[in-house]
Amino acid sequence: MADVTVRAPAKINLHLEVLGLRPDGYHELAMVMQSIDLADTLVLRSTADATIRLRSDSPELPSDGTNLIVRAAELLRSRVGLPELGVDITLHKRIPIGAGLAGGSSDGAAALVGLDALWGLSLGTARLHGLAAALGSDMPFCLEGGTQLCFGRGERLEPVTAAGAPGQAVLLIKHPEASVSTPWAYGRCRDLRGDFYLDAEEDFEQRRQALRRGPLVAALAGQGPLPHLRNDLQAVVEPEVESIRAGLDLLRRGPGVLAVAMSGSGPSLFALHPDLATAEAARAALAEPLAALGFVAWCCRCGGSGVSLVTDGS
Ligand code: C5P
């Protein structure tokens, strides 16, 4: 059988609201996630033996059972009861690692889709979503992509039908030395704001309705200006990490900027721009101070789907 190639795009959070703490220890969230056209590529090839092998062009990335790609392959193989299946996976890494851009989750979701095709399983969307949710809160979004409201612990999706999202492109920056652990960011949020968490389902639903009917979703449908972007994890991480404060300040100074925020639990930061040309112009205008502070910068378009098969092995 021929190789299967899968594209695994990154995401940013246009809204991240922590509603409360659930009995399972996860946080109840109300988010808007947006795919961007910065993507990793996975190439999958069947092997004669039953081993799951991963190699990547990124030396700092683990290729053992701690990698979501390997965990996805192991889970899929055991759920379908075919332990004799093997695969060789090559990962071409473009999404920055540990950045709040769901690079690892998107790679894991891409492994599910790629192996479904390579091993001829035809599992269907619902089963793939179930497997994705079992592996990570962001993974169902990574399967689906686009612009989605994400509720629950992030796995309950409602598409935002955006006729013309005003944020057509982002200037994305990351400091190579900044790193934020996601469990730490949520733990900090709990310590600082836990007394104000909501705890009744009807209160959660009220906040979901406020988001569905609020100015951000209207703006994404081209009906009004983009509001200030809310990320509750940014509110707890920003005071702790100097480079995040400096990066946000810089992005706000970019010409033509619509809004600025941290993505997920960080440390990636983004500025939304009306189009790619404006984002590129802002990168050029800020090139000197960004380089002086050591930031790496990318310009990407918003939109596109989630993980997708580039070649299906036939
Ligand atoms: O689901 P995932 O493994 O990606 O989550 C990583 C960590 O982020 C969790 O272990 C938890 O500490 C935190 N988290 C949370 N509430 C969520 C999602 C993640 O507290 N809804």
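Modeller: Two residues are in contact here if their C-beta atoms, placed from the backbone, lie within 7 Å. Please bear in mind that this is a predicted model.

Colleague: With that definition, which residues does Gly304 touch, leaving aside those up to four places away in sequence?

Modeller: Gly304 is placed in the loop between strand S10 (296-301) and strand S11 (308-312). Its C-alpha atom is 6.8 Å from that of Ile36, although 268 residues of sequence separate the two. Beyond its sequence neighbours, the contacts of Gly304 are Pro9, Ser35, Asp37 and Gly145.

Colleague: Is Gly304 buried, partly exposed or exposed?

Modeller: A residue is buried if 20 or more other C-beta atoms lie within 10 Å of its own, and exposed if 12 or fewer do. Gly304 has 16 such atoms within 10 Å, so the class is partly exposed.

Colleague: Which residues does UniProt list under "active site"?

Modeller: The UniProt entry, which is unreviewed, gives two residues for this feature, Lys11 and Asp138. They are spread over 128 residues of sequence but cluster in space, with a largest C-alpha distance of 9.5 Å. Lys11 lies in strand S1 (residues 4-21), whereas Asp138 lies in the loop between helix H3 (125-135) and helix H4 (139-144).

Colleague: Is Lys11 buried or exposed?

Modeller: Among the residues that Lys11 touches are Met33, Ile36, Leu101, Ala102 and Phe141. Lys11 has 30 other C-beta atoms within 10 Å, and 20 or more are required for the buried class. Therefore Lys11 is buried.

Colleague: How many other C-beta atoms lie within 10 Å of Asp138?

Modeller: Away from its sequence neighbours, Asp138 touches Ala102, Ser105 and Gly154. Asp138 is classed as buried because its count of other C-beta atoms within 10 Å is 27.

Colleague: Which element supplies the largest share of the side of domain 1 that touches domain 2?

Modeller: The chain is divided into domain 1 (4-160) and domain 2 (169-301), and their C-alpha centres lie 22 Å apart. In the contact between them, 26 residues of domain 1 meet 34 residues of domain 2. On the domain 1 side, two or more residues come from each of S1, strand S2 (27-46) and strand S5 (147-151). The largest share, ten residues, is that of S1.

Colleague: Which element gives the largest share of the shell around the ligand?

Modeller: The shell draws at least three residues from each of domain 1 and domain 2; its members include Tyr26, His27, Asp138, Arg153 and Tyr186. By type, the shell holds four nonpolar, five polar and two charged residues. S2 and helix H5 (182-193) each supply at least two of its residues. The largest share, three residues, comes from H5.

Colleague: Which residues of helix H9 are exposed on the face turned away from its buried side?

Modeller: The buried residues of H9 (residues 242-252) are Ile244, Gly247, Leu250 and Leu251. Because they cover an arc of only 130° around the axis, they are on the same side of H9. These buried residues pack against strand S7 (169-174), helix H8 (232-237), strand S8 (259-262), strand S9 (269-273) and helix H11 (287-293). The face turned away carries the exposed residues Glu242, Asp249 and Arg252.

Notes:
Residues are numbered from 1 along each chain as its sequence is written. This is a predicted model: local features need pLDDT of at least 70, side-chain atom pairs count only at pLDDT 80 or more; totals for chains, interfaces and linings use all residues. UniProt positions are given in the numbering used here, feature names are shortened, and annotations may be inferred rather than shown by experiment. Helices (H or I, at least four residues) and strands (E, at least two) are DSSP runs, numbered from the N terminus. Domain bounds come from an automatic or database domain assignment. A residue is near a molecule or strand if its C-beta atom, placed from the backbone, lies within 6 Å of it. Ala, Val, Leu, Ile, Met, Phe, Trp, Tyr, Cys and Pro count as nonpolar, Asp, Glu, Lys and Arg as charged, and the others, Gly among them, as polar. The arc is that of the directions from the helix axis to the C-beta atoms.
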